[in-house]
Structures are given as structure tokens and as C-alpha cells.
Amino acid sequence: MAAQIYPSILSADFARLAEEAKAVEGADWLHVDVMDNHFVPNLTLGMPIVESLSRATDIPLDLHLMIEDPDRWAPQYVEAGAGSVTFHAEAAAAPVRLAREIRAKGARASMALKPATPIEQYEDILPELDMLLIMTVEPGFGGQPFLDIMLPKIRRTRELIAKHGLELWLQVDGGVSASTIERCAEAGADVFVAGSAVYGAVEPAAAVRTLREQAGAAIAAAPWACDH
Ligand code: DX5
Ligand code: ZN
């Protein structure tokens with residue numbers, strides 16, 4: 001699988017979202033962080049802004065729901081224009097039912113794990129998902145330092161994907177930058193969210209290209225990708 005870069009609009013200017021989407025032309029997906037001030041101690045945006053943004057850009061939207069009760073809200077984000085919806089394992093009451101509902105509505109279904117949530121207990125439900133998100137910071141804010149202690153979890157998840165022969169994308173989010181992306185790729189990630197590393201750059205679209213090249217080279221050299 002080729003490396004994919006998802007700029008996170010959490011680090012963009014919220015008053016100019018359409019232009020900020022244009023500024024990362026060439027990005028694979030646009031990562032949209034929805035926070036409810038309950039699941040995480042921060043508040044961002046909701047349904048109406050997602051609807052407007054999906055009309056304002058051709059880049060598909062990857063919704064990262066850091067909210068309580070995703071069972072209730074996640075399917076509605078598909079209707080609002082999301083191409084992929086990620087709910088948190090810690091917040092979902094019925095993750096299998098929810099993933100099936102998201103897929104039935106026509107979007108990719110994805111589940112996220114906070115740093116202290118192990119992957120092992122979810123091995124059996126991985127076939128229900130199109131992507132798994134391993135948080136490499138505590139969710140809630142952009143610009144936090146990357147947690148190297150998450151690398152073993154990325155590695156173990158990649159092993160589970162291989163063991164079951166799954167087409168599951170493995171996403172990392174938090175502190176991903178030119179200095180950490182190769183470690184993530186080497187460990188097994190193939191989808192990379194980057195907020196401050198993209199929108200903090202002078203030329204965001206160029207930053208996306210550079211990150212993709214770095215990750216692509218690291219994946220090509222990684223043992224986990226050698227038979228692909
Ligand atoms: C954090 C969000 C991230 C955030 C990443 O809770 O889920 O998507 O935007 O920002 P950086 O890349 O700056 O760590
Ligand atoms: Zn995110």
C-alpha cells in the first residue's frame with residue numbers, strides 16, 4: 001500500500017476552511033477532528049461545518065470523532081459528506097454494529113484507540129473495519145509531541161493485519177512530522193495524519209509531498225512491506 005497523507009484541519013484557520021483545503025491540494029484525504037468537550041477536553045466543529053466543507057472541496061473527508069455516544073452520531077456524519085468515519089473504541093457501545101452501519105451508509109468504517117487502549121482485545125473485530133487509528137498522542141489537541149511508546153502497538157497491529165490477511169489501513173495521528181513519520185512507517189503505519197507539520201509549513205502542499213515521499217521510502221524498506 002502506498003503511503004497516504006491526511007492533513008488535519010485542526011491546525012488550519014477555521015475562518016478560512018475552504019482556502020485551507022485548497023492549500024493542501026494533492027493530499028489523499030482531509031482529516032477533520034470533531035471534539036465534544038466531553039470525550040476530550042476541547043471543542044471544535046460539528047455537522048453543519050462538515051456539510052459545508054464537503055461541498056467546498058474535492059478532497060474526501062476523514063472524520064475523527066472524539067465524542068461520546070458515537071453510536072448515535074457517527075452515521076449522521078456519513079450523510080453530512082464524510083467518506084470515512086472513525087469512532088473511538090473507548091466511546092462506542094457496540095463497535096461492530098456501528099462499523100456495519102457506517103459501511104452500509106457508504107463510508108469507510110474506522111476505529112481509534114487512545115494510547116492506553118490495547119489492540120489485542122479487538123483482534124476478532126478487525127475484519128469489520130476499513131481502517132484502524134492508533135493515537136500517538138492523547139487526543140484533544142494539535143501540536144503535542146509524538147509518543148514513541150506507541151511504536152510497539154503499531155508493530156503488533158501490523159502483525160495482526162498480516163496474520164488475518166486483511167486489507168485494513170493503519171493510521172497514526174498525533175505528533176507526526178518529518179522527524180517521526182519514518183519511525184511510524186517502519187513500524188507498520190501506512191496512513192499518516194499531520195496537523196502542525198502541514199499547516200505550520202510555509203507551503204502546506206509541499207509539506208504533504210515531502211511527508212509522503214519520506215513515508216513511502218520507509219515503507220518500501222520496511223520488513224512488514226517486503227512481500228507487497
Ligand atoms: C489530536 C487530533 C489530531 C491533531 C494532530 O487529538 O486528533 O488530528 O490535529 O495534530 P498534530 O499533527 O499537530 O499532532
Ligand atoms: Zn485526529
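Author: The donor residues of the zinc ion (ligand 2) follow the spacing H-x1-D-x30-H-x108-D. Two of them tie together distant parts of the chain: His64 belongs to strand β3 (residues 61-66) and Asp173 to strand β7 (residues 169-173), 109 residues apart. Keep in mind that this is a predicted model.

Now look at the atoms that face the metal. The zinc ion (ligand 2) is held by NE2 of His31, OD of Asp33, ND1 of His64 and OD of Asp173, at 2.1 to 2.3 Å. The site has six donor atoms, with angles of 73 to 173° among them, and is octahedral.

Asp33, a zinc donor, has a side-chain N or O atom 2.8 Å from an oxygen atom of ligand 1. The backbone takes part too: an N or O atom of Gly140 lies 2.7 Å from an oxygen atom of ligand 1, and for a backbone N or O atom of Gly195 the distance to an oxygen atom of ligand 1 is 2.8 Å.

β3, helix α3 (residues 70-79) and β4 form a right-handed β-α-β unit. β3 and β4 run parallel and are paired over three bridges, and Asp62 stands opposite Ser84 in β4.

The pattern then carries on past β4. β4, helix α4 (residues 95-104) and β5 make a right-handed β-α-β unit. Strand β5 (residues 108-113) is parallel to β4 and joined to it by five bridges, with Ala109 in β5 as the bridge partner of Val85.

So where does that leave β4? Five of the five residues of strand β4 (residues 84-88) are buried, so the strand is largely enclosed by the rest of the structure. In a regular strand, side chains alternate between the two faces of the sheet. For β4, Ser84, Thr86 and His88 are buried on one side, Val85 and Phe87 are buried on the other, and both faces are covered.

Definitions and conventions
Residues numbered from 1 in each chain as written. Chains lettered and ligands numbered in written order. Predicted model: local features only at pLDDT ≥ 70, side-chain atom pairs only at ≥ 80, totals over all residues. Heavy atoms only, no water. Donors = N, O, S within 2.8 Å, 3.2 Å for Na, K, Ca; no water. Tetrahedral: all angles 85-135°; square planar, octahedral: opposite > 155°, others 65-115°. Helix = DSSP H or I, 4+ residues; strand = E, 2+ residues; numbered from the N terminus. Buried < 20%, exposed > 50% of the residue type's maximum accessible area, 1.4 Å probe, protein only. Pairing = 2+ DSSP bridges. Right-handed = clockwise from strand over helix to strand, strands pointing away. Polar contact = N/O pair within 3.5 Å; in protein donor to acceptor, adjacent residues only side chain to side chain.
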